[in-house]
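Dear colleague,

Please find below the structure that I am handing over to you, with its sequence. My notes on what was found in it follow directly after.

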Amino acid sequence: MTKVKDIGEQGLLARLHRFCPSEIIGDDAAVLVTAPEQSLVVTTDVLVDGVHFSNLTTSPEDAGWRAAAANLSDLAAMGASPLGIAVGLGLPADLSVNWVESLYQGMTQCLQKYNTPIVGGDVVRSPVTTVAITAFGQVHPSQIIRRSAAVVGDAIVVTGVHGASHAGLQLLLHPELEQNLNDEEKTALIGAHQRPKPRLDVLPILEKIIPSPMPIAGMDSSDGLADAVIQICRASGVGAVLELRQISLPTAFNHWLTPEQALQYALYGGEDFELVLCLAQESASALVKHLGGGAAIVGTITPGSIILLHDEQKKFPDQVLTLSRGFQHFGD
């Protein structure tokens, strides 16, 4: 098995150049052309072995897909269409070259769906495998989605179901949990974790049905639905009420998880990469109708600063949502 140390930095770069367009790479930096009257959008995401992926749950191809999808999702959350990504790798010298090439194959499989090239990057030696991606996108200034644009009375829209990715991770870590699931349900949940889909498909629909320049607030739900709503409300200086029965869950949850578990997965599980958008009620209804597939209006922006989860069926008491229950990188 060929290792990174056997071929060195230049040998590895020569192999990885095959995943990049030859007319863009080769200089000290890539040159990307944006359309007239477009703003450049830049985002960076870092994935670390043992934190964001591991051999127990993620093949190198899936790790590559997830790394690319996370960055494309950040662009979608800003309303931006992707132009390209640059990849920084920190690799142990004893790592298999085949693992690295498989990582790039996974990234390419995801990126090809959105006509997005790998336009460069860097490779260094590291004791821990680390993948750092910088993604570039473009958006017309009137169509930028910002967290700070929510106003009282806006509807809160989610573009799909929540909790599926966390459920898929639990199945990979604890195979004994699958006994109450059929093969189709198991495959769907694991796929949601290993091959999430960034919601770039939402952008042309927004452009088509939302009057411009109507402000839209939003972000993606990579850190959980509760986190997304809280972050938007904090940035906008508003509160919110979420209606529990409106939150879309995978159908498998109905006979697999308790209601308490399903709610925890949906609110705090994370890595679903759906969009959480705040916009006028009429436009929100039109968007949900166009999207289908679990898209729903899940709440309303309110005055004040409290984010409240309400269950009109009274099965759960009203609860204030906080960031403390989600994943914390530097928590205990």
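A residue is called buried under 20% relative accessible area, exposed over 50% and partly exposed in between, with a 1.4 Å probe and protein chains only. By this rule Glu 37 is exposed, at 66% relative accessibility.

The model is predicted, so local features need pLDDT of at least 70 and side-chain atom pairs count only at pLDDT 80 or more, while totals for chains, interfaces and linings use all residues. Residues are numbered from 1 along each chain as its sequence is written, and side-chain values use heavy atoms, with hydrogens and water left out.

Positive phi values

Glu 37 has a phi near 60 degrees, a positive value in a residue other than glycine. Glu 37 sits in the loop between α1 (4–16) and β1 (39–48); helices (H or I, at least four residues) and strands (E, at least two) are DSSP runs, numbered from the N terminus. Lys 314 is not a glycine either, and its phi is positive at about 65 degrees. Lys 314 belongs to the loop between β10 and β11 and is exposed, with a relative accessible area of 64%.

Helix packing

For the helix pairs, axes are lines fitted to C-alpha atoms over the stretch in contact, and angles run from 0 to 180 degrees between N-to-C directions. Angles under 35 degrees count as roughly parallel, over 145 as roughly antiparallel, 65 to 115 as roughly perpendicular and the rest as oblique. A crossing is left-handed if the near helix is turned anticlockwise from the far one by less than a right angle, and right-handed if clockwise. Contact means heavy atoms within 4.5 Å. In the residue classes, Ala, Val, Leu, Ile, Met, Phe, Trp, Tyr, Cys and Pro count as nonpolar, Asp, Glu, Lys and Arg as charged, and the others, Gly among them, as polar.

The axes of α1 and α3 come within 11 Å and cross at roughly 20 degrees, and the two helices are therefore roughly parallel. Their crossing is right-handed. On the α1 side the contact is made by Val 4, Ile 7, Leu 12, Arg 15 and Leu 16, and on the α3 side by Val 97, Val 100, Glu 101 and Tyr 104. These residues divide into 7 nonpolar, no polar and 2 charged.

Helix α3 (residues 97–112) also packs against α2, at an angle of about 45 degrees and with the axes 6 Å apart. That angle makes α2 oblique to α3. The crossing of α2 and α3 is right-handed. The residues in contact include Gly 64, Ala 68 and Leu 72 of α2, and Leu 103, Gly 106 and Cys 110 of α3. By class, this contact has 11 nonpolar, 5 polar and 1 charged residues.

Helix α6 (residues 202–209) and helix α10 (residues 281–291) pack at about 135 degrees, with their axes 10 Å apart, and are therefore oblique to each other. Here too, α6 passes α10 in a right-handed crossing. Val 202, Ile 205, Leu 206 and Ile 209 of α6 meet Ala 286, Leu 287, His 290 and Leu 291 of α10. The contact has 7 nonpolar, 1 polar and no charged residues.

Buried positions

Ser 73 lies in helix α2 (residues 60–77) and is buried, with a relative accessible area of 0%. Leaving aside its neighbours within four places in sequence, Ser 73 is in contact with Pro 198, Asp 220 and Phe 273.

In helix α9 (residues 259–268), the buried residues include Ala 262, Leu 263 and Ala 266. Among the elements that cover the buried residues of α9 are α4 (164–173), α7 (225–236) and β10 (307–310).

A strand residue

Val 46 lies in strand β1 and is partly exposed, with a relative accessible area of 40%. Beyond its neighbours within four places in sequence, Val 46 is in contact with His 52, Thr 130, Val 131 and Ala 132.

Cysteines

A disulfide is a pair of cysteine sulfur atoms within 2.5 Å, and by this rule the count comes to 0 disulfides. Cys 233 is in no disulfide, and the nearest cysteine sulfur, that of Cys 278, is 6.5 Å away, too far for a bond. Cys 233 is buried at 1% relative accessible area, and Cys 278 is buried at 2%.

With kind regards
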